Amino acid sequence: MYRFNILAIILIISMVFLDASANPTEELIDEQEEECASYCLKVFLWNTVNMNNKIEACDKKSMQMSVLQNQLDVLKLKETMYEKTIKEKEVQCSRQEKLNEDVASIRDKLENMTENKQLEDILKQLESSRAIIEEKNEQIRSLKTKLQINEFLLGTCKSNITLSPAALVRQDMSMLETSCSRIENTTEIWKIQVPGMEPFRVRCDGIIAGPGWTVIQRRVDGTVDFNRSWDEYRTGFGDLDGNFFVGLEKLYRMTIFQPHELFVYLQNFDNEIRYAHYSSFSIGSEDDAYKLKDLGEFAGDAGDALKMNLNMKFTTFDRDNDKRGFDNCSIERQGGWWFNQCARSNLNGRYFERELDKWEGIWWWNWQETRTLQSVQMLIRSISQK
Ligand SMILES: [Ca+2]
């Protein structure tokens, strides 16, 4: 509107000027000038209009540019927002992937745990089954031995039936004892016989703890070494008048043939005497490593130093059946025993001539710990013939 007003004023001024310059005497010139002025005015007006159009077009373009710029700004803003959103999504995707990996890992671990648990259960069942089979085997061995005993007794009865009374008396006189049950108030060496073994000599004692006892182990001095091999402990060793061990096989045959009790006699270097009595005593076969199977009830003034050895197998320096994983108790204690980890007594240890504090010596923990003893004996007696 402002530009239009300017053009109108210029047009009016031009017309006035043209009117004022009219001169009759120079008519031709005037006409020419008038034509020229008209032409110039037309050109001027055309240019003016043209410029005005261009200006308007330019304004229009400018407005369009402005609109486009606004749109561009909006788009840039959106682009920024989209970029931000994309980054956030990428982070979320990354987290999701990590989460998926963790879930997969946990699932694998759970599957492994399940497999391991199943494996452990199977191993436990196998171990349990193995223990049951071993127990059944031991029962079968025990029954076989008892069968031998019954056959032995049956044979004796049959031979008695066929003998005349006079021969029966003679045979009775010569028959071997099956234990020291008839010994009283004295100590003697008897030959006895139990099923499954050839007759063998034992030391019978009717003094230390009453009548009817068989001495199975005796320590009175250091003349016999008790740090012996498995075979020697199985067979027995030593001198029945001095120091000896009866032998695990004999001990097994005697205690399975008849129920027995155990008496442990202890004497220190002050000549004080104490004892430990167990109401029953038996050991397993060699297949069961002569396991200490029964101790019954404890009584006595020396304290119970054997209970931790119940159900333990026998161990020697060359046959490690103890419960101590890293070494052999028998090597440390220098004698065979039913070691656990290891023991609170060491009656088969090394003999010392005086009282010393020695783990490898002969001692009974519940009385005077590891201080060595002067003399010890282990005796058994048939309960049925007590
Ligand atoms: Ca061991």
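Two strands pair if DSSP finds at least two bridges between them, and strands themselves (E, at least two residues), like helices (H or I, at least four), are DSSP runs numbered from the N terminus. With that in hand, welcome to a predicted model, in which local features need pLDDT of at least 70, side-chain atom pairs count only at pLDDT 80 or more, and totals for chains, interfaces and linings use all residues. Residues are numbered from 1 along each chain as its sequence is written. The chain has 7 helices and 10 strands.

**Confidence and overall make-up**

- The average pLDDT (the predictor's confidence in each residue, from 0 to 100) is 86 for the chain, and 85% of the residues score at least 70.
- Of contacts between residues at least 6 apart in sequence, 48% join residues at least 24 apart.
- Of the 386 residues in the chain, 26% are buried. A residue counts as buried with 20 or more other C-beta atoms within 10 Å of its own, as exposed with 12 or fewer, and as partly exposed in between, with C-beta atoms placed from the backbone.

**Strand 3 and its partners**

- Strand 2 pairs with strand 3 in the antiparallel sense over 3 bridges, and here R203 stands opposite V215.
- Strand 3 also pairs with strand 10, antiparallel, over 5 bridges, and it is joined to strand 5 by 2 bridges, again antiparallel.
- R218 has a bridge partner in each of these: Q377 in strand 10 and F244 in strand 5.

**Strand 7 and its partners**

- Strand 6 (residues 260-267) and strand 7 (residues 273-283) run antiparallel and are joined by 7 bridges; L262 has Y278 as its bridge partner in strand 7.
- The hairpin of strand 6 and strand 7 has 5 residues between the strands, and N271 takes a positive phi near 65° there.
- Strand 9 (residues 298-300) pairs antiparallel with strand 7 over 3 bridges, with H277 opposite A299.
- Strand 8 (residues 292-294) runs antiparallel to strand 7 and is joined to it by 2 bridges; D294 in strand 8 is the bridge partner of S282.

- A nonpolar core is a set of buried Ala, Val, Leu, Ile, Met, Phe, Trp, Tyr and Cys residues joined through C-beta atoms within 7 Å. The largest one has 54 residues, of which L266 and L379 touch the most other members.
- Elements that give two or more residues to this core include strand 2 (200-205), strand 3 (213-219), helix 4 (230-235) and strand 10 (375-382). Helix 5 gives the most, with 6 residues.
- Beyond its neighbours within four places in sequence, L266 is in contact with residues including I273, Y275, W364, W367 and V376.
- In helix 5 (residues 248-257), 9 of the 10 residues are buried, so the helix is largely enclosed by the rest of the structure; among them are L251, Y252, M254 and F257.

**An exposed spot: E188**

- E188 sits in strand 1 (residues 187-192) and is exposed, with 11 other C-beta atoms within 10 Å.
- Not counting residues up to four places away in sequence, E188 touches I183 and C204.
- E188 and D205 are 17 residues apart in sequence, and their C-alpha atoms are 6.7 Å apart in space.

How values were computed: Two residues are in contact if their C-beta atoms, placed from the backbone, lie within 7 Å.
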